[in-house]
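Q: I have a model open and would like to go through it with you. Could we start with the interface?

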Protein chains: 2
Amino acid sequence: MITREQCAALDAADPLAHCRARFNLPADTIYLDGNSLGAMPANVPARMKTALEDEWAHGLIRSWNDADWYPAPQRTGNKIAKLIGAGPGEVIVADSTSVNLFKVLVAATRMRAERRVILAERTNFPTDVYIASSVAQMTGCELRCVDPEEVMSSIDDSVAVVSLTHVNYKSGKRYDMEAVTRKAHEAGALIVWDLCHSAGAMPVHLNGCEADFAVGCGYKYLNGGPGAPAYVFVAKRHLADLNQPLTGWHGHAKPFEFTHDYAPHAGIDRMLTGTAPQLGVIALEAALEAFEGVDLEVLRAKSVALGNLMIELADQHLAGLGCTLASPRDAGQRGSQVSLAHAEGYAVMQALIARKVIGDFRAPDILRFGFAPLYVRYADIWDTVSALKDILETCAWDNEAFHARKSVT
Amino acid sequence: MITREQCAALDAADPLAHCRARFNLPADTIYLDGNSLGAMPANVPARMKTALEDEWAHGLIRSWNDADWYPAPQRTGNKIAKLIGAGPGEVIVADSTSVNLFKVLVAATRMRAERRVILAERTNFPTDVYIASSVAQMTGCELRCVDPEEVMSSIDDSVAVVSLTHVNYKSGKRYDMEAVTRKAHEAGALIVWDLCHSAGAMPVHLNGCEADFAVGCGYKYLNGGPGAPAYVFVAKRHLADLNQPLTGWHGHAKPFEFTHDYAPHAGIDRMLTGTAPQLGVIALEAALEAFEGVDLEVLRAKSVALGNLMIELADQHLAGLGCTLASPRDAGQRGSQVSLAHAEGYAVMQALIARKVIGDFRAPDILRFGFAPLYVRYADIWDTVSALKDILETCAWDNEAFHARKSVT
């Protein structure tokens, strides 16, 4: 049996242990929900105070230039680029993941105008499918939704664009980005990767895989804060031909000439629409400093180790208590989370949260535990399984149950 | 001649004078650019500190429920509704003005599917025209762009939707919302009003005019901060039939059931797309407290008085100095700004800013002065014209000229 002392020893030897101090975390809480809302990097409040009191209140409109607000979406995009295997000028911060997905899906269908199929995956996060459905409706395409195991065999020469999420939000199952991208390209299709559940928890090799487009959110493993702005990646080779439909003034080649006709910016700025949500961009940019000096392979190794530990401990302590593993056992197929299914998952998660062990519930029966390797400790995993064991053995979830079925994003 | 003492007396008698203390403004600066970026309400930093340190850092994911983050876009929308003549449940905070305009224009063309013309106005803020052009392309409509004086005569039974901005960003010219809306309805068309340059500076009567849709930004007269989230209004009578194309999960009837098919929320929530930019929403909601107890008719009366004063002083002091009035002289046709044209407008504005009198420049030759009645003083207007007179008389704009032509939003 793995002991808590062994877990504490792993923490003591953890090459990323020092990164936890970069976050402001409540001392009495175990936080395994960084894949829903990342913890707050400790430098954010001071940066925000400067942004508010010096830049906004005192600098006023001048701060768009003097405080370098204006290039913040590009600058922050370049910082994200380093986490996802993209080059400078290929990533920009803008809008939400859903809005960015709309932009790239429409743009992709325009680049493959002779094809009429958008291939998506049934178990993807719903917003991706909703947006793909709307894009199909507006562009006269067919949305073909298939099960995960059918994706590879469904990529054929009718497909204009394949839209997938790298790591599934519910199961934590991870696609082989390189293999799927190659298959799409062999069939003459383009591919869009949603990185919401992978960026910041593992290396992503967009250019290494020759991916075409990607989108992702700023508020999970990037720790940008609630509703942080999202980002969009366009491979440099596509930029010149890319016509996205949300043609707001900030995507214009010369937005401050206020010309009547739209002419897209030559570079990644063409993915912008309206004025950047500057307070959010500032928080996100500051938050990304938490990754300074972090080797993404080391980050991934810790993420895998945390997940393996969770599964081993679950095997040891939760057998026969109604929980089943809902994530791949093979770390090579897993993202940075472990999901367990339990028929009373909602009440069980509420009981855990009452004990200050915070994971997430996903309908109908998934207990989801996300591992942000910058701040999650091995001992946290031990304590989580221990709390879960106690709750399940004593049916505490029934006693402690929260009857109001409130929603948590 | 109007004296500075007379202006100071107007300030002393100003029923809104106490509102200036609700803002954190640099003491040595005259700020007439609140129609580009509103000044910072003094309560925002404390509210943001709580949001960061208590709600995000300590509350973590629980704050979506426990700190009432989740209903913030609706709650803040209802506060904006009171400023624009809308009812509860008709306004929601989301995305940017451009993105919201895309949503309502597509939705409107779907509600008038038998008509194929989007009527827009050539001198509108460019983003509105760019978005309308993209919507026309995607929906197979024709974008008909006309000069302002042709708008009324161009509304006929071919028009699906009329897209106008209430107050023009450059000239400050204001449409008669009631008359244009009535004309559109008589022709069987729908109408979208962009309120960027009117909301927060004057009463707007969306329901009084029976307007169909409206959009607007949070960072001008609403003082929500740089890139503050925007809002969208949908008249209650249209909500049930409205199908907007950016069908993200937060617009779903039950977003947390994660169902495969999109089913729009019954109410204004259907205008949402992705997760709300929560830090921005929080700042905007706090900022709106600056309007507490403010009678919008009194606000408008002050706005008109400030504009009239500016024009009178310009007549008295700037004649023969190369400036011409570029806004309507008749306050009934004006928003809350006065624009002056000068051939060297850019350099002149830079010289003014160097003297800490902040207005805005709009290419090619417009000096734009916006009057946020909550914090602009009559004496500010006197000091502005005095500084402008001195700069023009001494050609100081030539000496003080800033050669780098940087852009300011």
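Predicted model: local features only at pLDDT ≥ 70, side-chain atom pairs only at ≥ 80, totals over all residues.

Q: How many residue pairs are in polar contact across the interface of chain B and chain A?

A: The rule finds 18 residue pairs in polar contact across the interface of chain B and chain A, both residues being at pLDDT 80 or more.

Q: And which elements of chain B each supply at least two residues of the side that touches chain A?

A: They are β3 (40-41), α2 (44-59), α3 (63-66), α5 (97-111), α6 and α10 (278-287) of chain B. The largest share of that side comes from α6(B), with nine residues.

Q: How do the residues of that side of chain B divide into nonpolar, polar and charged?

A: The side of chain B that touches chain A has 43 nonpolar, 28 polar and 10 charged residues.

Q: How many salt bridges does the rule find across the interface of chain B and chain A?

A: Zero salt bridges are found between chain B and chain A.

Q: What area is buried between the two chains?

A: About 7300 Å² is buried between chain B and chain A, and carbon and sulfur atoms give 71% of that area. The contact takes 81 residues from chain B and 81 residues from chain A.

Q: Back to α6(B): is it largely enclosed or open?

A: Of the 14 residues of α6(B), 12 are buried, so this helix is largely enclosed by the rest of the structure. Among the buried residues are B:Asp128, B:Tyr130, B:Val135 and B:Met138.

Q: What span should that helix have, at 1.5 Å a residue?

A: The 14 residues of helix α6 (residues 126-139) of chain B should span 20 Å, and the end C-alpha atoms are 20 Å apart, which agrees.

Q: Which residue follows α6(B)?

A: B:Gly140 follows α6(B), and its phi is positive, near 75 degrees.

Q: What about helix α13 of chain B, how far does it reach?

A: Helix α13 (residues 378-393) of chain B has 16 residues and reaches 23 Å from its first C-alpha to its last, close to the 22 Å expected at 1.5 Å a residue. Its buried residues include B:Tyr378, B:Asp383, B:Leu388 and B:Leu392. Just after α13(B), B:Cys395 takes a positive phi of about 55 degrees.

Q: Changing topic: how many salt bridges are there over all chains?

A: A search of the whole structure finds 39 salt bridges. One of them joins A:Arg355 and A:Asp390, with the closest N and O atoms 2.7 Å apart.

Q: Where do A:Arg355 and A:Asp390 lie?

A: A:Arg355 lies in the loop between α12 (345-354) and β13 (357-358) of chain A, and A:Asp390 in helix α13 (residues 378-393) of chain A, so the pair ties together parts that are 35 residues apart in sequence. A:Arg355 is partly exposed at 31% relative accessible area, and A:Asp390 counts as partly exposed at 33%.

Q: Which residues are linked in a network of salt bridges?

A: A:Asp33, A:Asp360, A:Arg362 and A:Arg368 are linked in such a network. Within it, the side chains of A:Asp360 and A:Arg362 meet in a salt bridge at 3.6 Å, N to O.

Q: Is A:Asp360 buried or exposed?

A: A:Asp360 counts as buried, because its relative accessibility is 3%. A:Arg362 is likewise buried, with 3%.

Q: And how do the side chains of B:Asp212 and B:Arg237 meet?

A: They meet in a salt bridge of 3.1 Å, N to O. The pair links distant parts of the chain, with B:Asp212 in the loop between β8 and β9 of chain B and B:Arg237 in helix α9 (residues 236-239) of chain B, 25 residues apart. B:Asp212 is buried, with a relative accessible area of 2%, whereas B:Arg237 counts as partly exposed at 45%.

Q: Which residues of chain B does A:Asp95 touch?

A: A:Asp95 touches B:Ser96 and B:Val99, and its contacts in chain A include A:Asn100 and A:Pro229.

How values were computed. Residues numbered from 1 in each chain as written. Chains lettered and ligands numbered in written order. Heavy atoms only, no water. Contact = heavy atoms within 4.5 Å. Helix = DSSP H or I, 4+ residues; strand = E, 2+ residues; numbered from the N terminus. Expected span 1.5 Å × (residues − 1). Buried < 20%, exposed > 50% of the residue type's maximum accessible area, 1.4 Å probe, protein only. Buried area = accessible area lost by both parts, 1.4 Å probe. Salt bridge = Lys/Arg side-chain N within 4 Å of Asp/Glu carboxyl O. Polar contact = N/O pair within 3.5 Å; in protein donor to acceptor, adjacent residues only side chain to side chain. Nonpolar A, V, L, I, M, F, W, Y, C, P; charged D, E, K, R; others polar. Lists of a residue's contacts leave out its neighbours within four places in sequence.
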